[in-house]
Amino acid sequence: MVPRSGSASLDSVLARVLPDLWRDNAMVVPVLADQERFKLDRSDDALFYAEPRFVHHLDGGFRARLTALYREHIPPCAVVLDLMSSWVSHLPPDVSYERVIGHGLNEQELAANPRLNQHWVQNLNADQRLPLADASVDVTLIVAGWQYLQQPEAIAAELLRITRQGGEVIVAFSNRMFFQKAPQVWTDGGDRDHLDYVARVLIAQGWPTPVILAEATRAEGALGWIGAKGDPFFAVIASQPVKA
Ligand SMILES: C[S@@+](CC[C@H](N)C(=O)[O-])C[C@H]1O[C@@H](n2cnc3c(N)ncnc32)[C@H](O)[C@@H]1O
């Protein structure tokens with residue numbers, strides 16, 4: 001049908017009415033209120049991550065659980081995206097993947113990560129568009145990173161776009177954060193709220209209801225043998241359905 005002169009297409013109408021929500025023809029469904037995106041340190045995140053931190057952000061018990069989860073979920077032929085990565089990816093050391101793509105905010109950390117075949121630096125709070133083709137990734141990993149996203153809805157929509165049928169996104173975190181860099185929705189909530197919040201954002205963008213894991217871990221070394229706990233392990237795992 002030829003549009004009548006002066007009539008606007010649906011895209012252009014939505015772009016005008018919902019300018020922040022209508023990006024590249026992909027609808028992003030808001031979940032957070034504006035004040036929930038507020039964080040104490042409003043300076044550019046790139047400044048906070050300018051110096052490399054060659055440290056582990058999570059203890060050995062947490063990391064061992066995460067690596068075991070990856071072993072279960074990621075087939076060796078997979079294209080893996082480690083979003084919000086650093087110098088470590090926690091993947092099983094004896095498994096090779098088709099490709100591991102890394103993203104983060106510090107070039108030196110990413111360059112030192114032995115698991116990455118390629119990487120790029122991008123501030124996801126400034127620009128949520130991922131430079132990856134549609135349906136090009138099998139599994140995306142986000143470890144101790146989601147808690148810093150101020151526009152998580154747009155990231156979840158992008159993850160849906162780039163994930164192949166049958167692919168997954170695995171969001172893992174514990175109970176710690178850089179408080180001043182986390183938006184209010186994270187700083188105000190407890191562990192249960194965090195799990196619910198990540199799941200809600202994914203579902204709102206079209207991901208099927210995710211699987212949720214909440215587990216205790218054992219402290220490293222002698223303390224663990226006598227029952228001391230390590231960093232609690234939380235994960236939200238969403239799978240892109242296979243279409244008939
Ligand atoms: C606590 S570290 C976790 C790093 C890594 N995933 C790990 O397991 O060690 C948080 C990471 O989130 C990423 N990050 C934080 N804010 C970001 C932003 N605004 N844009 C992109 N990445 C960000 C950085 O790559 C940073 O290394």
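## The nonpolar core

A nonpolar core is a set of buried Ala, Val, Leu, Ile, Met, Phe, Trp, Tyr and Cys residues joined through C-beta atoms within 7 Å. In this predicted model, the largest such core has 52 residues, and Val 80, Val 171, Ala 172 and Val 198 are the ones that touch the most other members. Helix α5 (residues 152–162) supplies the largest share of this core, with 6 residues.

Which residues does Val 80 contact once its neighbours within four places in sequence are left aside? They are Ile 74, Tyr 97, Val 100, Asp 138, Val 139 and Leu 141.

## The chain as a whole

Stepping back, the chain holds 8 helices and 9 strands. It has 244 residues, of which 37% count as buried. Among contacts with a separation of 6 or more, 67% link residues 24 or more positions apart.

## Strand β4 and its partners

Strand β4 (residues 99–104) is largely enclosed by the rest of the structure, because 5 of its 6 residues are buried. It pairs with strand β3 (residues 79–83) in the parallel sense, over 4 bridges. In that pairing, Arg 99 of β4 is the bridge partner of Val 79.

β4 also pairs with strand β5 (residues 118–121), again in the parallel sense and over 4 bridges. Here Gly 102 has His 119 of β5 as its bridge partner.

## Two helices to look at

Helix α5 is mostly covered, with 9 of its 11 residues buried. The buried residues are Pro 152, Glu 153, Ala 154, Ile 155, Ala 156, Ala 157, Glu 158, Leu 159 and Ile 162.

Helix α3 (residues 60–73) is 14 residues in length and reaches 20 Å from its first C-alpha to its last, close to the 20 Å expected at 1.5 Å a residue. Its buried residues are Gly 61, Phe 62, Arg 63, Arg 65, Leu 66 and Tyr 70. What do the buried residues of α3 pack against? Their packing partners are the strands β6 (137–143), β7 (163–173), β8 (211–215) and β9 (233–239), together with helix α8 (221–225).

Notes. Residues numbered from 1 in each chain as written. Predicted model: local features only at pLDDT ≥ 70, side-chain atom pairs only at ≥ 80, totals over all residues. Buried ≥ 20, exposed ≤ 12 C-beta atoms within 10 Å, placed from the backbone. Pairing = 2+ DSSP bridges. Expected span 1.5 Å × (residues − 1). Contact = placed C-beta atoms within 7 Å.
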